[in-house]
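Here is a friendly walk through the structure shown below. Keep the viewer open as you read, so that each residue can be looked up along the way.

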Amino acid sequence: MCHQTVSLVQAEIERAGVATVSISLLREVTAVLRPPRALWVPFPMGYPLGSPNRPDLQRRVIAAALALLGRDDVPVLEEFTQ
Amino acid sequence: MATYDDLRLIDRLFLKGYPFARYAADPVPCAPLRRPLGEARVALVTTAGLRDPGQENFDRRHKMGDPSFREISNEVVTQSLVESHRSHSFNRAGLAADRNLVFPLDRFRELEAGGAIGALNHRHFSFMGSIVGPRPVIQETAPEVARRLREDSVDAVLLTPV
């Protein structure tokens, strides 16, 4: 249900004119909810940035997510590749 | 990797049967990034149920899910944030060890220091995402968060679930 809340809040922020990108752990749910931009990551529930105390991995996930901010071919649902 | 198959049977059946399509964005909104990231003001939004130790807890007994949010100051000590999510569908060990796993504020401070983003906003926002009746989110709390972000002249937002 976290993904639904993310998508609803994300859509509302985007409607207010602010560019958004979200991380998704459940591709099936995000594909249905169609937020403007999402990065699907192959990590367990509760681990959206990958791993605790792994700044290097967290940085790569963030960089991949932020790279989607320039996209206007919404909805964008990309996959994070390590 | 998280798929439906990793979830408890009861959660899986619930998600399979839940009418997510009813809440799909249609049409999908699109706000282009107004300036390069190196000049952009950035804010974080999480649905991990994080709050400042001094803030009121989320209502874990709310039948349809607590639609409220907490403002998280940009000055907060990231690891001091309290996790009070009611969901049982994720392992808390990672988040307990490192809040950046769900709310990567320290990583964004590094990006700000290095000039990869223009600035972090003075506040961020936290929901507790276990909301099965999202109407109050749609009608009240999400528009309010959007309004505050707009008021702060935020250019870009990263949202993270758990």
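Leaving out neighbours within four places in sequence, Ala65(A) is in contact with Val21(A), Ile23(A), Leu39(A) and Leu158(B); a contact here means that C-beta atoms, placed from the backbone, lie within 7 Å. This is a predicted model, in which local features need pLDDT of at least 70, side-chain atom pairs count only at pLDDT 80 or more, and totals for chains, interfaces and linings use all residues. Residues are numbered from 1 along each chain as its sequence is written, while chains are lettered from A and ligands numbered from 1 in the order in which they are written.

A residue counts as buried if 20 or more other C-beta atoms lie within 10 Å of its own, as exposed if 12 or fewer do, and as partly exposed in between, with C-beta atoms placed from the backbone. In soluble globular proteins, nonpolar side chains tend to be buried together.

Let us stay with that helix. Helices (H or I, at least four residues) and strands (E, at least two) are DSSP runs, numbered from the N terminus. Because 13 of the 14 residues of α1(A) are buried, this helix is largely enclosed by the rest of the structure. Its length agrees with expectation: at 1.5 Å a residue, the 14 residues of α1(A) should span 20 Å, and the end C-alpha atoms are 20 Å apart. That expected span is 1.5 Å times one less than the number of residues. After α1(A) comes Gly17(A), with a positive phi near 100 degrees.

Now for chain A overall. Chain A contains 3 helices and 3 strands, arranged along the sequence as α-β-α-β-α-β. For 82 residues, a compact globule would have a radius of gyration near 12 Å, and the 12 Å of chain A agrees. The radius is taken over C-alpha atoms, and the globule rule is 2.2 Å times the number of residues to the power 0.38. The C-alpha trace of chain A spans about 35 × 25 × 20 Å along its principal axes, and buried residues make up 59% of the 82 residues. Of the contacts in chain A with a separation of 6 or more, 50% are between residues 24 or more positions apart.

Where does Pro36(A) sit? Pro36(A) is in the loop between α2 and β2 (37-40) of chain A. With 27 other C-beta atoms within 10 Å, Pro36(A) is buried. Beyond residues up to four places away in sequence, Pro36(A) touches partners including Gln10(A), Val76(A), Val28(B) and Cys30(B).

The two chains meet through 53 residues from chain A and 58 residues from chain B. On the side of chain A that touches chain B, α1 (2-15), β1 (19-24), α2 (27-33) and α3 (55-66) each supply at least two residues. The largest share of that side, 14 residues, comes from α1(A).

Strands link up too, and two strands pair if DSSP finds at least two bridges between them. The table gathers the pairings.

| Strand | Partner strand | Bridges and direction |
|---|---|---|
| β1(A) | β7(B), residues 156-160 | 4 bridges, parallel |
| β1(B) | β5(B), residues 119-120 | 2 bridges, parallel |
| β1(B) | β7(B) | 5 bridges, parallel |
| β1(B) | β6(B), residues 123-127 | 2 bridges, parallel |

Across the chain boundary, Ser22(A) has Leu159(B) as its bridge partner in β7(B). Within chain B, Ala43(B) is bridged to Val157(B) of β7(B), and Thr46(B) to Ser126(B) of β6(B).

Finally, Gln139(B) lies in helix α4 (residues 135-151) of chain B and is exposed, with 12 other C-beta atoms within 10 Å.
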